[in-house]
Amino acid sequence: SRMRKVVLSTICSHDGAVDDPTRAFPAATEPPAPPSFDEELATHEARLLEAQDAVLMGRGMYDEWSRYWPTSDEQPFADFINGVTKYVVTSTPLTTEWGDARAVSGPLADIVRDLKSLPGNDIGVHGSIELARSLLAEGLVDEIQLAVAPVLDPVGRRLFDGLPELQR
């Protein structure tokens, strides 16, 4: 059986801005709405999600998404994120019920090692920029999948800020 991978996927501008995907791919309707994807991006997303059966996310994103996704019909992501096992990096108990969600704590390297030692498919990181940056800084990401929008955006956080050294 193949080794589980940690796969980080996010939407960003050419210069790495990640805070507001609607600036990168304009929304189809009034905000808050998902970015409008073309068919190629939708196909890519579906393939990416099919390979994942767990998600690692930060607490802030969990609290936000647990209010949004359970009632969303934006597919394929809604069915995926509502049904997948969610490992939430947090030091306090989860207060919102949302499918199969489990609080995990401790050093990230230990959390990732433990998750990768379990049988299963890839472990996704979607959004959760602070967590994503920490995982990147510690060399814990196996694969990066970026949907890069044809814009340059001076606003917001940069996914790759704060890396300690060159990473291959």
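Trainee: Where is Arg-158 found, and why is Arg-158 called buried?

Mentor: Arg-158 is found in the segment after strand 6. Its relative accessibility is 16%. Buried means under 20% relative accessible area, exposed over 50%, partly exposed in between (1.4 Å probe, protein chains only). So Arg-158 counts as buried. This is a predicted model: local features need pLDDT of at least 70, side-chain atom pairs count only at pLDDT 80 or more, and totals for chains, interfaces and linings use all residues. Residues are numbered from 1 along each chain as its sequence is written, and side-chain values use heavy atoms, leaving out hydrogens and water.

Trainee: Why is Ile-144 called partly exposed?

Mentor: Ile-144 has 39% relative accessibility, so it counts as partly exposed. The residue is found in strand 6 (residues 143-149). Strands are DSSP runs (E, at least two residues) and helices likewise (H or I, at least four), numbered from the N terminus.

Trainee: What makes Trp-69 and Phe-77 an edge-to-face pair?

Mentor: Rings of Phe, Tyr and Trp (its six-membered ring) pair if their centres lie within 6.5 Å; planes under 30 degrees apart count as stacked, over 60 as edge-to-face and the rest as tilted. A search of the whole structure finds 6 aromatic pairs. Trp-69 and Phe-77 lie 5.0 Å centre to centre, with 65° between the planes, and are edge-to-face.

Trainee: Why is the pair of Phe-77 and Phe-80 called tilted?

Mentor: Their ring centres are 5.7 Å apart and their planes are at 50°, so the pair is tilted. Both residues lie in helix 4 (residues 77-83).
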